Amino acid sequence: MADLTTIARPYAKAAFDFAVEHKALDEWTEMLAFVAEVAANEHVSVQLKKESATTLVNLFTTVCAEQLNEHGLNLIKLMAENARLDALPAVLALFLEYKAELAKEITADVISASELDAAQQAQISASLEQRLSRKVKLNCSVDASLMAGVIIHAGDLVIDSSVKGQLAKLSDALQA
């Protein structure tokens, strides 16, 4: 079966474009988060594999009645007719990526050898914002095996200024 991200992409893009056009990004985010959670439920996911489209639409209509507007319900109907409701969590993930891209926002994973204080986090955030030309949200974690320094992952960008990384580079250079 095709990758769920590939299946979800046209639905997420259509929902995102519709939400932007109608200035309803937050409303669509809430709707998609709710239906994705329903689809990910272990009891519902079993039903997604064996029930008809009509039964699934009725199930989602009953469970999500207060969370879905008519356009959200149309998306559920379309995905049910195409047997794609299992892709709802991937639709949400892609929708959130599109939303972050629109807001010019990126999440950077920062792994450090010791806990970073607020000033260090602010300095890293400001440097990344300047380099990437977008708002940066930091997701910090600690890995003592780095010895010192940090590793930063922001999209396709990787910055390794850890002692462990520098020693690995030196080792490679000496062996070459």
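This text walks through the overall fold of the protein and then its largest pocket.

The model is a predicted one, in which local features need pLDDT of at least 70 and side-chain atom pairs count only at pLDDT 80 or more, while totals for chains, interfaces and linings use all residues. Residues are numbered from 1 along each chain as its sequence is written, and side-chain values use heavy atoms, with hydrogens and water left out.

The secondary structure comes to eight helices and four strands, taken as DSSP runs numbered from the N terminus (helices H or I, at least four residues; strands E, at least two). Along the sequence these elements follow the pattern α-α-α-α-α-α-β-α-β-β-β-α. The protein is more spread out than a compact globule, because its radius of gyration of 21 Å is well over the 16 Å that the globule rule gives for 176 residues; the radius is taken over C-alpha atoms, and the rule is 2.2 Å times the number of residues to the power 0.38. Along the principal axes, the C-alpha atoms fill a box of roughly 65 × 35 × 25 Å.

Of the 176 residues, 32% count as buried, that is, under 20% relative accessible area with a 1.4 Å probe and protein chains only. Among contacts (heavy atoms within 4.5 Å) between residues at least 6 apart in sequence, 69% join residues at least 24 apart.

The largest pocket has a volume of about 150 Å³, where a pocket is an open set of points on a 1 Å grid over the protein atoms alone, reached by a 1.4 Å probe, with protein on both sides within 12 Å along at least five of seven lines, and lining residues have an atom within 4 Å of a point; the volume is the space filled by probe spheres set on the points, which are joined across faces, edges and corners. Of its eleven lining residues, Leu-48, Lys-49, Ala-83, Arg-84 and Asp-86 are the closest to the centre, and α3 (42–50) and α5 (70–81) are the elements that give two or more residues to the lining.

How values were computed
Buried < 20%, exposed > 50% of the residue type's maximum accessible area, 1.4 Å probe, protein only.
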